Amino acid sequence: MCGIAGIFEYGRASGGIEESVLLRMRETIRHRGPDGEGLFVSPDRRLGFAHRRLAIIDLDGGAQPMHGPNGTCLVFNGEIYNYPALRATLLAEGVRFRTRCDTEVILHLYQRYGDRCVEHLTGMFAFALFDPERQRVFFARDPIGEKPLYWTDRAGVFVFASEIKALLEHPLVPREVNRQALGPYLANLVTPAPQTTFRGIYKLPAGWMGHCDVGGTQVSPYASITATRGYDRTAGQAAGHVRELLDESVRARLMSDVPLGVLLSGGMDSTTILALASQQTTGMASFTVAFAGHEQYDERDQARAVARLYGTDHHEVLLSEEDAIDILAPLIHHQDEPLADPVCVPLHAVCRLAREQGVKVVLAGEGADELFWGYAGYQSIVERWRRFERMLALPQPVRRVAALATSADRTPRRREQLEGIAAGRMNPIHMPVGLTAYQRRHLLSGANAGPGWAPALPGPHESALETLAFDTQEYEFEVRLPELLLMRIDRFSMANSVEARVPFLDPALVDYVYRL
């Protein structure tokens with residue numbers, strides 16, 4: 001796991017990259033990789049790559065920027081879990097390796113497959129690769145969106161980094177508010193990709209790639225979990241197959257040359273991960289957080305029971321109100337963009353606890369509730385669906401009156417649902433509540449508002465329930481997961497120089513379960 005940054009002066013006749021600028025960019029994200037550093041500036045000074053390393057695999061090798069065949073140069077953030085198999089295949093084809101790390105595998109895959117190298121990678125990643133023969137930078141983000149990549153293109157200069165704060169160190173990048181992102185942010189409590197709240201700075205969406213050459217910067221999708229609105233209704237052996245896929249996902253994410261741990265709540269998601277991991281390794285640590293004086297949120301008893309059952313080296317942190325307030329300043333610094341989620345506070349604290357105990361890699365349960373419909377809100381919709389169907393059968397004027405007669409202040413969720421029924425299409429279940437349909441339309445229109453997020457067109461034979469289900473899944477995997485849940489765990493694990501891995505979001509598992 002690492003922090004990456006770079007500059008490509010593609011539109012200038014002569015290069016003028018200053019190492020001091022690259023160094024400032026790199027050091028703003030030092031927390032992402034305190035174990036090593038690297039810098040490369042091309043002889044013509046038109047290209048510069050910078051890297052901070054958190055050493056997890058091949059501790060003695062793997063320094064970046066890494067150079068490959070024909071002068072290619074790569075900076076990479078993440079882990080490629082299938083790299084041992086890819087490496088074995090490449091060795092059988094006669095490729096010679098200088099290291100044992102996954103970074104070098106990407107270089108050789110690009111040599112063979114070009115941009116389609118991303119189709120062979122299983123893992124979490126954001127990387128940029130310079131191809132001197134084509135005089136271009138190729139960059140990509142993993143299909144789920146576990147690792148972030150930000151970029152801007154100004155006056156013939158392409159600048160990228162793992163975090164926005166690094167981009168702001170470049171003299172061409174001003175600190176200006178992107179007014180078009182304010183409406184979508186307030187409507188979603190995150191900024192949907194590709195916009196950010198900074199004018200002219202973009203985030204690469206999950207499953208997208210891009211390139212920058214003499215013609216400028218272009219981006220496009222290469223993978224999409226949500227591309228198909230359809231369910232597999234014939235999966236009779238789903239439970240067994242899910243178990244196999246999750247077993248394999250956990251096994252792959254135990255790959256490490258440093259100690260591992262689990263962020264353990266004692267709930268189903270983290271307990272499942274620990275149970276599977278304990279069958280494949282020993283010596284795991286576990287970490288739990290609680291709030292003093294708030295017993296309803298105290299999960300320590302459950303976590304302790306699970307830790308005893310599986311014999312982990314268990315650690316806890318108890319946060320007071322003063323502790324939470326003290327965390328606010330580093331939260332703001334590491335977020336770059338506001339993440340409207342109180343979970344950021346305990347997440348930062350529990351990752352800090354892991355680092356204090358010498359653990360650099362943790363497994364976490366993010367994605368399970370989205371993938372398996374574990375939230376109470378999902379179950380509530382299903383339980384009350386017959387009532388919704390009866391309401392949908394009423395004439396639209398009657399539905400509209402029922403919506404307007406419901407208080408948006410006292411029962412905002414019910415008002416939002418009734419407005420959706422009146423319109424014939426309910427909002428995704430996890431779209432932030434509290435806005436009326438009028439307010440949401442107002443935020444997402446006008447000169448200072450961007451498009452925000454919109455679901456795909458419904459299929460010709462979708463029932464109202466299926467439309468709600470597909471819309472909800474699209475919202476989760478296009479907005480909420482990559483730009484909130486995965487962004488927060490990236491930010492606050494890396495803020496403490498810890499790598500977080502999420503077994504429930506293995507692409508093969510997601511692709512299968514998403515369509516059940």
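Before colouring by class, note the scheme: Ala, Val, Leu, Ile, Met, Phe, Trp, Tyr, Cys and Pro count as nonpolar, Asp, Glu, Lys and Arg as charged, and the others, Gly among them, as polar. This is a predicted model, where local features need pLDDT of at least 70 and side-chain atom pairs count only at pLDDT 80 or more, while totals for chains, interfaces and linings use all residues. Residues are numbered from 1 along each chain as its sequence is written, and side-chain values use heavy atoms, with hydrogens and water left out.

A pocket here is an open set of points on a 1 Å grid over the protein atoms alone, where a 1.4 Å probe fits, with protein on both sides within 12 Å along at least five of seven lines; lining residues have an atom within 4 Å of a point. Points are joined across faces, edges and corners, and volume is the space filled by probe spheres set on them.

First stop: the largest pocket, with about 1,200 Å³ of space. Select Val343, Glu366, Asp369, Tyr375 and Arg488, the closest to its centre of the 43 lining residues. Now show helix 17 (464-494), one of the elements giving two or more residues to this lining; helix 17 gives the most, 6. (Helices are DSSP runs of H or I, at least four residues, numbered from the N terminus.) Coloured by class, the lining has 26 nonpolar, 8 polar and 9 charged residues.

Next, the second largest pocket, about 610 Å³. Select Ala423, Asn427, Ala437, Arg440 and Arg441, the closest to its centre among 28 lining residues.
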